[in-house]
Amino acid sequence: MKNGHAIETKNLTKKFGAFTALDSLNLKIENGAIHGLLGPNGAGKTTAIKILCGLLKPSGGEAHIFGNKVPDRSILPQIGYMPQETALYTELSVHHNLSLYGELYGMSRSAIAQREQELLQFIALEKWRNEPVSNLSGGMKHRVSLACSMIHEPKLLFLDEPTVGVDPELRASFWEYFDKLKATGITIVLTTHYMDEAQHCDKIGLLRQGRLIAGARRRRLRA
Ligand SMILES: Nc1ncnc2c1ncn2[C@@H]1O[C@H](COP(=O)(O)OP(=O)(O)OP(=O)(O)O)[C@@H](O)[C@H]1O
Ligand SMILES: [Mg+2]
């Protein structure tokens, strides 16, 4: 599977009533690559990710993840999803949110504890471990959400605007971490509005009004 495609979509389409949010999207995302989806508000980025994660049913076309047609529950343990709107239990502590996500993925307590340590360090929130999420700033909540999506060490990560509201220093460290994940063979699909972030991606797809209007590899972006 090393040189295969983690994701392949064929004419993937999503309609909400008469409105077409995603219009015949054809994507091929290589294993172990960072793929950026760019586009203005309403372009269809979140819609595409939700279909790929099995949260929305396509109206037409199809998508395959690791060769399995989505939706397919059996591939969910291999997928991590950080939604654009954080899905955290705000009355619970950072620690309890991470534990809960770990338990949902069937991880043992010791595995969760070890992973929690690593992730808290990565998001630089060790001191906030026992604080209710409601007491955290917007950017901090975003960091917890990112950690929750990765607790079970997924092979494929969908990150919907992972760096929004995150300060520049931490953004840089996120990108270092994404590169490290990539080096271990993990595939990352992320959305962003920042062109400088797109330049970190191996490949980008530019969406507009539900259509893929351009795609480019990193070499061409930097040219
Ligand atoms: N459940 C829904 N019902 C109706 N329309 C929807 C629904 N979800 C999304 N849309 C519409 O589909 C279009 C694409 O939305 P989507 O959230 O995928 O855009 P996006 O590219 O992620 O934008 P942003 O950069 O603002 O996050 C928008 O016009 C949006 O209003
Ligand atoms: Mg979106």
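Visitor: Which residue in β10 does R208 stand opposite?

Guide: Before answering, note that this is a predicted model, in which local features need pLDDT of at least 70 and side-chain atom pairs count only at pLDDT 80 or more, while totals for chains, interfaces and linings use all residues. Residues are numbered from 1 along each chain as its sequence is written, and chains are lettered from A and ligands numbered from 1 in the order in which they are written. Strands (E, at least two residues) and helices (H or I, at least four) are DSSP runs numbered from the N terminus, and in β10 the residue opposite R208 is R211.

Visitor: How many bridges join β9 and β10, and in which sense do they pair?

Guide: Two strands pair if DSSP finds at least two bridges between them. β9 and β10 form a hairpin with two residues between them, and Q209 in the turn has a positive phi of about 45°. Strand β9 covers residues 203-208 and strand β10 covers residues 211-217, and their pairing has six bridges in the antiparallel sense.

Visitor: Which strands stand at the edges of the open sheet, and why is one side of each left without a neighbour?

Guide: The open sheet has six strands in the order β6-β7-β8-β3-β9-β10, with mixed pairing. Each edge strand has a single partner strand, so one side of it is left without a neighbour in the sheet, and these strands are β6 (79-82) and β10.

Visitor: Which strands of the sheet does α1 touch?

Guide: Within this sheet, β7 (residues 156-160) and β8 (residues 187-192) pair in the parallel sense over five bridges. Angles run from 0 to 180 degrees between N-to-C directions, with axes fitted as lines to C-alpha atoms, for helices over the stretch in contact, and contact needs C-beta atoms, placed from the backbone, within 7 Å. The direction of α1 makes about 150° with that of β7, and as α1 packs on the sheet, the strands touched are β3 (34-38), β7, β8 and β9.

Visitor: Which element supplies the largest share of the shell around ligand 1?

Guide: A residue is near a molecule if its C-beta atom, placed from the backbone, lies within 6 Å of it, and the residues around ligand 1 include G42, K45 and T46. β2 (19-30) and α1 (45-52) each supply at least two residues of the shell. The largest share is three residues, and it comes from α1.

Visitor: Is I123 buried or exposed?

Guide: I123 lies in the loop between α3 and α4 (138-150), and its contacts, not counting residues up to four places away in sequence, are R143, V144, L146 and A147. A residue is buried if 20 or more other C-beta atoms lie within 10 Å of its own, exposed if 12 or fewer, and partly exposed in between. Because I123 has 24 C-beta neighbours inside 10 Å, it counts as buried.

Visitor: How does E116 count, with 19 C-beta neighbours inside 10 Å?

Guide: E116 is placed in helix α3 (residues 109-122), where it touches H95 and L98, not counting residues up to four places away in sequence. Because it has 19 C-beta neighbours inside 10 Å, E116 counts as partly exposed.

Visitor: What percentage of the 223 residues in the protein is buried?

Guide: The protein contains seven helices and ten strands, and its C-alpha atoms fill a box of roughly 45 × 40 × 35 Å, taken along the principal axes. Of its 223 residues, the buried share is 39%.

Methods:
Contact = placed C-beta atoms within 7 Å.
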